[in-house]
Every structure is written in C-alpha cells, then in structure tokens.
Amino acid sequence: MTPTSLRPASRPRLLVVSPNRSHLALLARRLGAEGYSIVTAADGGAALGELHRSPIDLVLAELVMEPMSGPELTRAIREHSGFAEVPVMLIASRAEADPAVRAFAAGAEDVILKPFHFEVLVARIERRRAAAAQVAAMRADMEAMDARAAMKAIELGELKDRMYALEAERRRVSA
C-alpha cells in the first residue's frame with residue numbers, strides 16, 4: 001500500500017527538495033498554504049532520509065541538484081520497495097537539455113518547466129496524488145482477490161480430499 005492509502009484523513013505530506021533555499025522556502029510556504037503538510041530537504045541524500053523517517057505522499061524535486069540529481073533521486077526511490085509507488089515530480093529549467101526525457105527515463109511521473117503558474121503546479125500535484133490513490137486501491141483490490149482465490153483453492157483441495165475419503169469409505173462399505 002502506498003502512504004496515501006495509509007493516511008486518507010490527514011493532510012497530504014509532500015517532500016520538497018531543492019538546493020536553492022529561497023526557492024525551497026517559497027514552495028514550502030505556498031504549498032503549506034494550500035493545505036499540504038510540507039517536509040523539505042536540500043539534496044537527494046536528505047530526501048531519502050526523510051522518506052525513511054515518515055510516510056510521504058509525493059516528492060517534488062529539482063531536476064538539477066548536487067551531489068544527487070533529480071533523476072538519480074527518482075531512481076533511488078523507484079529501487080526501494082517501500083517508496084517505489086510514491087509519485088515523483090521534477091522541476092526543470094527550460095534551459096536544460098531534454099529534462100523530460102531524463103526525468104521520465106528515471107521513473108518520474110511528471111516534469112514541471114520553470115517558470116510555472118503555481119495553480120497549475122497544485123493541479124498537477126493533485127492529479128498525481130489521485131492517480132497514486134487509484135493505483136493503491138486497484139492494488140488492494142488485486143491483493144484481496146488473490147487472497148480470496150487462495151482461500152477457494154484451499155477449500156477446493158479440502159473438498160477433493162473429503163470426496164476421496166468418502167469414495168474410499170463407500171468402496172470399503174460396498175466390499
């Protein structure tokens with residue numbers, strides 16, 4: 001299950017990652033005012049640490065960071081089974097060559113090019129969160145169906161064993 005499915009009634013927790021302190025503070029303040037619970041990190045290593053500390057519903061990170069880039073952070077998130085389903089959105093400068101290609105190749109769900117309208121960013125965050133919630137619900141449904149199928153297989157095996165026992169008893173009584 002994803003962190004979103006674990007805490008449906010609480011404020012969505014966003015991890016915002018940027019080496020630029022003023023950009024980080026601005027995003028944190030504005031997103032917090034939109035009702036999100038904000039966790040911040042100045043680089044990819046600190047972001048991974050935050051992911052280990054508490055559940056995060058979405059990661060919003062800069063594409064260009066040192067020593068771990070946004071795509072490298074995304075790959076690290078995707079490789080960890082506990083975080084693999086957390087949506088990742090990367091913020092890129094229009095001057096960067098092929099930011100979307102690198103971001104999507106690493107597993108990011110979305111790329112936002114600067115400059116962007118804040119309202120569009122919030123709408124895209126909500127869309128990514130909704131998609132993640134749908135995936136989590138489908139995964140839970142599939143797990144429940146798998147469990148029911150396993151129970152039915154066990155019941156069928158037990159019925160088969162009982163049928164063989166009854167058949168053996170019938171043969172014994174008939175003989």
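## Burial and strand β1

A residue is called buried when its relative accessible area is under 20%. By this criterion, strand β1, which spans residues 13–17, is mostly covered, with 5 of its 5 residues buried. The model is a predicted one, and the cover in it extends to both faces of β1. On one side of the strand lie Arg13, Leu15 and Val17, on the other Leu14 and Val16, and all of these are buried.

## Overall architecture

The secondary structure of the protein consists of 6 helices and 5 strands. Along the sequence these elements follow the pattern α-β-α-β-α-β-α-β-α-β-α. The radius of gyration of the protein is 24 Å, well over the 16 Å that the globule rule gives for 175 residues, so the protein is more spread out than a compact globule. Taken along the principal axes, the box filled by the C-alpha atoms is roughly 90 × 35 × 25 Å.

Of the 175 residues in the protein, 37% are buried. Where contacts join residues at least 6 apart in sequence, 61% of them link residues at least 24 apart.

## Pairing of β1 with β2 and β3

Strand β1 pairs with strand β2 (residues 37–41) in the parallel sense, over 5 bridges. The pairing of β1 with β3 is also in the parallel sense and runs over 4 bridges.

Strand β3 covers residues 58–62 and is mostly covered, 5 of its 5 residues being buried.

Besides its pairing with β1, β3 pairs with strand β4 (residues 88–93) in the parallel sense over 4 bridges. Here the bridge partner of Leu60 is Met89 in β4.

## Surface and charge

The accessible surface of the protein comes to about 10300 Å², and carbon and sulfur atoms account for 59% of that area.

The protein carries 24 positive and 23 negative side chains. The centres of these two sets lie 3 Å apart.

Terms used
Residues are numbered from 1 along each chain as its sequence is written. This is a predicted model: local features need pLDDT of at least 70, side-chain atom pairs count only at pLDDT 80 or more; totals for chains, interfaces and linings use all residues. Side-chain values use heavy atoms; hydrogens and water are left out. Helices (H or I, at least four residues) and strands (E, at least two) are DSSP runs, numbered from the N terminus. The radius of gyration is taken over C-alpha atoms; the globule rule is 2.2 Å times the number of residues to the power 0.38. Buried means under 20% relative accessible area, exposed over 50%, partly exposed in between (1.4 Å probe, protein chains only). Contact means heavy atoms within 4.5 Å. Accessible areas come from the Shrake-Rupley method with a 1.4 Å probe; for residues, only the protein chains shown count as cover. Lys and Arg count as positive and Asp and Glu as negative; His and the chain ends are not counted. The place of a charge is taken as NZ of Lys, CZ of Arg, CG of Asp or CD of Glu. Two strands pair if DSSP finds at least two bridges between them.
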